[in-house]
Every structure is written in C-alpha cells, then in structure tokens.
Amino acid sequence: MTSTLEVSPAARRSAELDAEITADASRFRILTGDRPTGPLHLGHYFGTLHNRVRLQRRGVELGLVIADYQVLTDRDVADDLDAHVLGLVADYLAAGIDPQEAMIFTHSAVAALNQLMLPFLSLVTVAELQRNPTVKDEIAHSRQAGVSGLMFTYPAHQAADILFCKANLVPVGADQLPHLEVTRTIARRFNDRYGPVFPEPEALLSRAPLLLGTDGTKMSKSRGNAITLGATAADTARLIRSAKTDAQRHITYEPGTRPEVASLVLLAALCEDREPGEVAAEIGGGGAAALKARVTEAVNARMAPMRALRAELAADPGYLRSVVREGNARATERAEVTLGQVREAMGTRY
Ligand code: ATP
Ligand code: MG
C-alpha cells in the first residue's frame, strides 16, 4: 500500500498539473481505466472518475481502457466479463463521460496495443517488477492459489495501454502510482534506446487518492467493502452504518491518526463540495452516529441523479455495446499507427 509520504510529492505535482491544464487543455491527452471486475464504487468516483469528467469538460482528450485481460491477474476465472464491461460503460456515462468524445475500449480487442507489450517487457527487469508495491499489494489480495505470470506483466501491459495513444496524463488513485512509475521508466528507456517515440506520462491525483471502504482498508471492488455508484439509498445507509470508526467520541478530521473517521468525513465533504475540516467541526460531539447519518444523507443526495441515469442506461445494453465497438475501432487505428512507429524505431519493418 502506498504511504502518505510517497503520496505528497505526487499530490503537489497534481496541483501544478491542474494549473497547467487550466492554462492550455490541448497539451494534454488522458488515458486511464478500470478492470471489469465489478461495478464502480465511490472510491473510483472521487479517486479518478470525477477528475476524468471534469477534465473532459475542459477539453482534454480522453481515452478509457476497460482492462479485461487484467481481470485474470488475480482471479482464476473471469466471471461475467461481458456484463461487467457493459456495467462499466453505464457507470462512465452516468458519471458524465461524453461517449462522442471519449474513446472507451477493451484492451483485448486491440491487437496492436498488445504487441507493444513484448518490447516493453524487455525494458524492465524481473527484480523491478517483483518489488513493485502495486504488484505486491495485488498479490497479497489475490484470489488465486498461485501467482500467475500475468501478474508480473501487469505494469508493462499498463504501459502499453497508456503509451499506445501517447497519453501524457493519467488520473489515478494512489494505489496505482508505482505502476505509473514503470510506465515512465519504460517510455524513457525506449526513447533512450531506439529514439524519441513516447511521452513520459504523469499521474494526476484527486482530493481523495485513497478512499477507505467500510472495513477501513482501500475501498475495492473485490474486497466486499465498497459502496457502488448504483447502490440503492437503503443499501448505502446499511453499508455506512456498518463502517469501521474508532473509540473517540468527538469527530475530527485527522487522516494520519484517525484514518477511518477521516475517510468518512472526507466522503461527506466530497459529496457536499465542502472542506473536510469544516464538516468535522460541525459534527463534533455528535459522535460516530451523527457522522454516519451525515455521510449517508450526503452520498444519497449526491448520487441520486447518477443512479437514475445509470438505471436508464443499463436498460439499453445494445447502446452500451455500440459505445465499446466504436471505441475499439478508434483504439485499433491509433495503436496501429504507434506500432508502425515502434517498428520503424526498432528496425523491425520488413
Ligand atoms: P479490484 O479490487 O478489482 O482491483 P479496484 O476497486 O481496485 O478493483 P481498479 O479497477 O483496480 O479498482 O482501479 C481503477 C482505478 O480506480 C485506479 O485508478 C485506482 O487507483 C482507482 N481507485 C480504486 N479504488 C480506489 C479508492 N479506494 N480510492 C481512490 N481511487 C481508487
Ligand atoms: Mg485494483
């Protein structure tokens, strides 16, 4: 798990990037995405999805990869892939992504993208992959009896996802920072060895780079601790009631020493577009019960329009599928151009 010490320089850089984007959005191209392992949750929304929508509205070009091959990194079988893929598209559109502008694609459908992985793998050592903290964390939470070889290709595959379209900006949660470092390393080493082809992309963190789930660890699709975007108001209330807090009655916002309480305060603040310190001060002596009531109300109010739109979209799977097909065609065109440049640079055009 990424520590706060590692996060703060990245958070500082993210603030600078935000200013650069405001000055000239056309310099930036985003590629980010999700694994189709289940419906998106509030950690995704406030960790990256909200940023994607915000930046798209400011005019930054947006690519979203649905990382379907990577479902197999930590699962023996990819259950319900098709339904999860369409569910992700519904989540994106309900959150405000414009499918006319964004390129939404599944990486398994883009052959030329996957071909980039071989040269990329030659640019990182096994030791570098083994000591990658994101890989270690994913292995710790793996649902497999043994760790598959695919697990160790994960960072190089992600580099292919990001670099095939020459993206230079990646809005992610803090758990993905070590992965992004590998992408930067691969881009740099490729350019050094074969000539300049790739940008060195930078991470963009949100105000909630690591939202905690109801058990006090990173909110994750696969850990049973998540409040999904499509959850009902009643489910939301039940899940927040069960959330872990601590023994101190007075509510404060101290992420370093009271992470569970701070994450709940932050969640209410994000939903209300307020500062977490102010929200904590307002709850004060009300204790955990008042905090949870406030969070529940805030989440349900903020999510209600998105939930209604998501239900409408989910009723039209044909449309959702057409969005992916269109994105796959666009991504294939792009990936073929980049693969051509890579072949040129490597001297493998015969
Ligand atoms: P899984 O449990 O299957 O790994 P996940 O919930 O971790 O699922 P991913 O698809 O791995 O979701 O992550 C997609 C993106 O969302 C990444 O950029 C990741 O950093 C971000 N993200 C995921 N969970 C959180 C969270 N709790 N807080 C902030 N960002 C998050
Ligand atoms: Mg994950």
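The second largest cavity of this predicted model is lined by 14 residues, and L212, G213, T214, A243 and L264 lie nearest its centre; a cavity here is a set of points on a 1 Å grid over the protein atoms alone where a 1.4 Å probe fits but cannot get out, and lining residues have an atom within 4 Å of a point. Its volume is about 120 Å³, a volume being the space filled by probe spheres set on the points, which are joined across faces, edges and corners. Local features need pLDDT of at least 70 and side-chain atom pairs count only at pLDDT 80 or more, whereas totals for chains, interfaces and linings use all residues. Residues are numbered from 1 along each chain as its sequence is written, and side-chain values use heavy atoms, with hydrogens and water left out.

**Cavities**

- A search of the whole structure finds two cavities of 30 Å³ or more.
- In the second largest cavity, helix α11 (residues 259-272) gives the largest share of the lining, four residues; helices are DSSP runs of H or I with at least four residues and strands are runs of E with at least two, numbered from the N terminus.
- The lining of the second largest cavity divides into eight nonpolar, four polar and two charged residues, where Ala, Val, Leu, Ile, Met, Phe, Trp, Tyr, Cys and Pro count as nonpolar, Asp, Glu, Lys and Arg as charged, and the others, Gly among them, as polar.
- The largest cavity has a volume of about 790 Å³, and of the 46 residues that line it, H44, E138, D175, Q176 and K218 are the closest to its centre.
- For the largest cavity, α2 provides the largest share of the lining, five residues, and the lining comprises 16 nonpolar, 18 polar and twelve charged residues.

**Helix packing against α13**

- Helix α3 (residues 81-95) packs with α13 at an angle of about 135°, their axes being 9 Å apart; axes are lines fitted to C-alpha atoms over the stretch in contact, and angles run from 0 to 180 degrees between N-to-C directions.
- That angle makes α3 oblique to α13, since angles under 35 degrees count as roughly parallel, over 145 as roughly antiparallel, 65 to 115 as roughly perpendicular and the rest as oblique.
- The contact (heavy atoms within 4.5 Å) is made by G87, A90, D91, L93, A94 and A95 of α3 together with M306, L309, R310 and L313 of α13.
- The axes of helix α12 (residues 276-283) and helix α13 (residues 287-314) come within 10 Å and cross at roughly 130°, which makes α12 oblique to α13.

Notes: Chains are lettered from A and ligands numbered from 1 in the order in which they are written. On a 1 Å grid over the protein atoms alone, a cavity is a set of points where a 1.4 Å probe fits but cannot get out, and a pocket is an open set with protein on both sides within 12 Å along at least five of seven lines; lining residues have an atom within 4 Å of a point.
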